[in-house]
Structures are given as structure tokens and as C-alpha cells.
Amino acid sequence: TEVFGLDRAPAAFRHMAQGKHVGRVVLVPPRSAVPVEGTVLVTGGLTGIGREMARHLVVRHGVSRLVLVSRRGGEVAGAEELVEELTEAGARIRVEACDVSDREALAGVLAGVDDLVGVIHGAGVLEDGVLRSLTSEQLGRVLEPKVRGAWNLHELTVGRELSFFVMMSSLSGVVGSPGQGNYAAANTFLDELARQRRAEGLPGQSLAWGLWSTGEMVADLSRVDRARMSRQGVRPLEIEEGLALLDEAISRGEGDWIPVRFEPNRLGEGGSIPPVLRTLIRSTRTQRDGASGLADRLRE
């Protein structure tokens, strides 16, 4: 089953007319974007981008209740100040120390929330390394919070009347990223879980973010990593831009989203253009060796 919002009815009929569908095509009325009443749970909501999203939900959308989940809970630097700020803005904030990969602990947190209306899963860890050097421990430390955490949230919220279920994925899972095989795999799982949820009639979105201008994961990137991403044509998103794209995704409520800012004239500077982008970006460089050079000359 493929689901389209009523606002995308022309696209749905075009999709059918072109024979791109398999099975049923269903039109559904639009959901309210971010409900003011009810509780929104944000994992990784006390640091970096998660903190900005929590603040945005309260200040921009008027969300009245938030549960902010982090492994260290209130011990996170700046947590007390964030809670005070959002409380003054009129929200009731609950901070929980919980490893979302621990199903029992997460179930305990959710048991205390009887009016859950939305989930934003932003928990994640970076531990880069070339593929052949990755250990099972490195894989586990990256996959546990994203993959097991997302699956726990999925299973434990089935039956709840959620307006949105948003997972913070990454461009690395879409186009690949040297040295981030574990991180790319974890984010690809989120993308597929979102599609599975939508196929089951549940809200589910995975936002494959490009680089942000700030945040813990950005801070962990070396100068070499930043230079590599710049050569790949990726420019950092400012906080305001990223939050506007988050709003756009939640308001539409369906489909796959890749919120990223590209510099087309720099795409491919660091090597070949990723396959998924080759039909979108027209390269002005011509290779002159072997079959690739011949193919370029024939295209011209």
C-alpha cells in the first residue's frame, strides 16, 4: 500500500497513470502537524540539535509537555538551564535518564506518559573508522542507540494515537560516506523502518540530514572531515534553516526526506559524484581515459 496525503492527490493519480504503484494507492486526510496538547518525547533532546528541536517545539509550536530523554538525564551540561527556559515559556518538562536501547528502561519511561502524541528520535553516536578496521564493539556503540532505540520506540508505541514519529537519519546512509560504514548502516535502518511504519498505516518519517552548522556530532568532525564534505558539495545548514525543514517534513507527513544544502558547482570535487545524484547534477568535467571518457563524449 502506498499512502498519499489529500494535498498530493494529483501526484497520486500521476503515480498510478505511470504504472509506478504496486498494490493499493490510498489518499488520507492531512494530520495536524504538531499538536499543542499532549506530550512529545524527544530522545537526545538535551544536547546539540535535539536541544534546538525541543526549544523549537515549545517556542514555535506551543507544545505544552515534553519528555526529554538522554543517557545521563539531568546531569547533561545545560540541562537545568534548558528546563528552566522552557518552563518559563509555558511548557511542562520532564527529563529522563534512559538508554533507549534498553527496552525495559524505555518501557518504564513510556508507561508514565499516557498522552503521547509525537516522537522525535535523535539519539545517536559517532565512532568512525574505515570499514575493514571496524570492530564489533564500534558497530555496537553506533547501532545500539539508533537501531535498537528506534525499534524499541516503534514497538512500544504501536497502539498509541501518534501524530508524528520522526527519526533523525543521515545523508551518509543515502550517498555513502568514507569512514562511516557503521553510521551509514544505522541510518539506513531508520529509513527503512519509516517506510515499514507507513506501509502499516502508522506515522513514520526518517529525515536524512546533511551537515548542520552546530551540534555535538558536528563538533566531533575533524578539519579533514569538514573539508571532505565541502568537496562533496555539502554546505552546513543553519539552525533556522534546519528547523524550517523539520516543520515542512512534519506538516506533510509522508515520503522520504533528505534535508541537505548542496553546492552543485562543487559536487564531485572530491571524486566521482555519488550514483544517486548523477541524474540530478550535470557535471562539466570530462574524463578522458578509457570507457568513462568515451561515455562522456557520447553523452555530449
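Author: We go from the whole chain to one helix, then to one strand. Keep in mind that this model is predicted.

Reader: How many helices and strands does the chain have?

Author: The chain has 11 helices and 10 strands. Buried residues make up 44% of its 300 residues.

Reader: Take helix H10. Which of its residues are buried?

Author: First, the general idea. An α-helix has 3.6 residues a turn, so residues three or four places apart point the same way. Now the case here. H10 covers residues 239-252. Its buried residues are Ile-239, Gly-242, Leu-243, Leu-246, Asp-247, Ala-249 and Ile-250. They span an arc of only 165 degrees around the axis, so they lie on the same side of H10.

Reader: What do the buried residues of H10 pack against?

Author: They pack against helix H2 (48-59), strand S7 (164-170) and strand S8 (205-209). Just after H10, Gly-253 has a positive phi of about 75 degrees.

Reader: Now strand S4. Are its faces covered or open?

Author: To read a strand, check each side in turn. On one side of S4, Arg-65, Val-67 and Val-69 are buried. On the other, Leu-66, Leu-68 and Ser-70 are buried. Both faces are covered.

Reader: Which strands pair with S4?

Author: Look for bridges, then for direction. S3 (residues 39-43) joins S4 through five bridges, running parallel. Leu-41 stands opposite Val-67. S5 (residues 92-97) also pairs with S4 in the parallel sense, over six bridges. There, Ile-93 is the bridge partner of Leu-66.

Reader: What do S3, H2 and S4 make?

Author: A right-handed β-α-β unit. S4, helix H3 (residues 79-88) and S5 make a right-handed β-α-β unit too.

Technical notes. Residues are numbered from 1 along each chain as its sequence is written. This is a predicted model: local features need pLDDT of at least 70, side-chain atom pairs count only at pLDDT 80 or more; totals for chains, interfaces and linings use all residues. Side-chain values use heavy atoms; hydrogens and water are left out. Helices (H or I, at least four residues) and strands (E, at least two) are DSSP runs, numbered from the N terminus. Buried means under 20% relative accessible area, exposed over 50%, partly exposed in between (1.4 Å probe, protein chains only). The expected span of a helix is 1.5 Å times one less than its number of residues. The arc is that of the directions from the helix axis to the C-beta atoms. Contact means heavy atoms within 4.5 Å. Two strands pair if DSSP finds at least two bridges between them. A crossover is right-handed if, with the strands pointing away from the viewer, the path from the first strand over the helix to the second runs clockwise.
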